[in-house]
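Q: Hi! Could you walk me through this one while I have it open?

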Amino acid sequence: MKAHVCRMERVVVSRRPLGCLLRRAPTLVKVAVSEVSIRTSDALITPALADHAVEARDRTFDASTSQGVAPDTTLEATPKSKRISPTSLIPGPIVDIDVLQNGVILVDKPLGWTSFDVCGKIRNMLKFIGVKKVGHAGTLDPNATGLLIVCTGRGTKFCDDFMAQAKEYSGTMRLGEGTASYDAECEVSERLPWEHVTDVDLQAVSERFVGDLMQVPPMFSAIKVGGQKMYQLAREGQSVALPPRPVIVSSLRLWRSETSPQDVHFYVACSKGTYIRSLAYDIGRALGTVAHLVALRREAVGSYRVGDAWDLRQLIDQLEQQKRAFLLSQQQQR
């Protein structure tokens, strides 16, 4: 608790209740919650509750006040330390590996890798400089490729900032075939005619799916229900009705593949939380058929583009070179 006492030369905080602290009538008393803080004309004395009270040198200050004081339950918030923006590790020869103590790496995630796999690999490679925290700003499915923003060290504090930015994707959906996961991870479980879909239909449906939409996430997703991830429940054969979520599609372009009329290419710009697999499923239904993703690539996150990203193999090679050089220097110093 905080008690402010003016015009006092000596102050004692006894082990008695707070109401017995003041012999003289205070000019201002503030009662808070967790600590006692008494201000004199010269200094601020802050004991840690009654157990850490300090007695006066010449006398015990034992008094009470009969005036009721309304408690002030407002806690003074401790100001957070200012975050320093992470430094981006640009593709090419690494000059200063220590920037990854507070860094961000743009990675072009290859096919077959999970986002967790990429972060785990980088984390293991950075142990030699003491970096323990590595996280990504938005999951990419194993069957997807493209831009994965990886934050390292203190840079992990910025994961949510990157994740909140708009995304851009390119990819391909296959008409007439539906899967439980809405992509090629699961086998085709539904087939419907698709030959009736024309280029005019594609143009019309692309316009319908631009703007503020309500979207139901796929069962095969990392959303948790009752502490379990949805894809875990889905693999066990369970089905959970998820409520639709608001998303924003800023632009959507659809065009037929020249080599396979059953396949439709797309380019979409959308908000955080948009499931492209669900978008493909919904578009298929709107066209009077079914559809699932057969290819997906994240092109951009905010102003960050996959063209500026590291090839994962080259990144690993550069980190290995830095690690070997570091270990060699350690041996030479011994």
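A: Happy to. First a definition: strands (E, at least two residues) and helices (H or I, at least four) are DSSP runs, numbered from the N terminus, and two strands pair if DSSP finds at least two bridges between them. This is a predicted model, so local features need pLDDT of at least 70 and side-chain atom pairs count only at pLDDT 80 or more, while totals for chains, interfaces and linings use all residues. Residues are numbered from 1 along each chain as its sequence is written, and side-chain values use heavy atoms, with hydrogens and water left out.

Q: Great. What joins S14 to S15?

A: A hairpin, through six residues. The two strands pair in the antiparallel sense over seven bridges, with Trp255 having His265 in S15 as its bridge partner.

Q: And how many bridges join S8 to S15?

A: Eight, and these strands run antiparallel. Tyr169 stands opposite Val268 in S15 there.

Q: Is S15 enclosed or open?

A: S15 is largely enclosed by the rest of the structure, because six of its eight residues are buried. Buried means under 20% relative accessible area, exposed over 50%, partly exposed in between (1.4 Å probe, protein chains only).

Q: Which residues touch the most other members of the largest nonpolar core?

A: Met173, Leu252, Leu254, Phe266, Val268, Ile276 and Ile283, out of 27 residues. Strands S8, S14, S15 and S16 and helices H3 and H5 each supply at least two residues of this core. By nonpolar core I mean a set of buried Ala, Val, Leu, Ile, Met, Phe, Trp, Tyr and Cys residues joined through side-chain atoms within 4.5 Å. Apart from it lies another core, of 22 residues, among them Ile105 and Leu319.

Q: New topic: how many salt bridges are found in the whole structure?

A: Nine, counting a side-chain nitrogen of Lys or Arg within 4 Å of a carboxyl oxygen of Asp or Glu. One of them pairs Arg174 with Asp263, the closest N and O atoms being 2.7 Å apart. That pair links strand S8 to strand S15, 89 residues apart.

Q: Buried or exposed, what is Asp263?

A: Asp263 is buried, with a relative accessible area of 9%, whereas Arg174 counts as partly exposed at 27%.

Q: What about Asp141, which partner does it have?

A: Arg277, with the closest N and O atoms 3.2 Å apart. Asp141 lies in the loop between S6 and S7 and Arg277 in helix H5, so the pair ties together parts that are 136 residues apart in sequence. Arg277 counts as buried at 5% relative accessibility.
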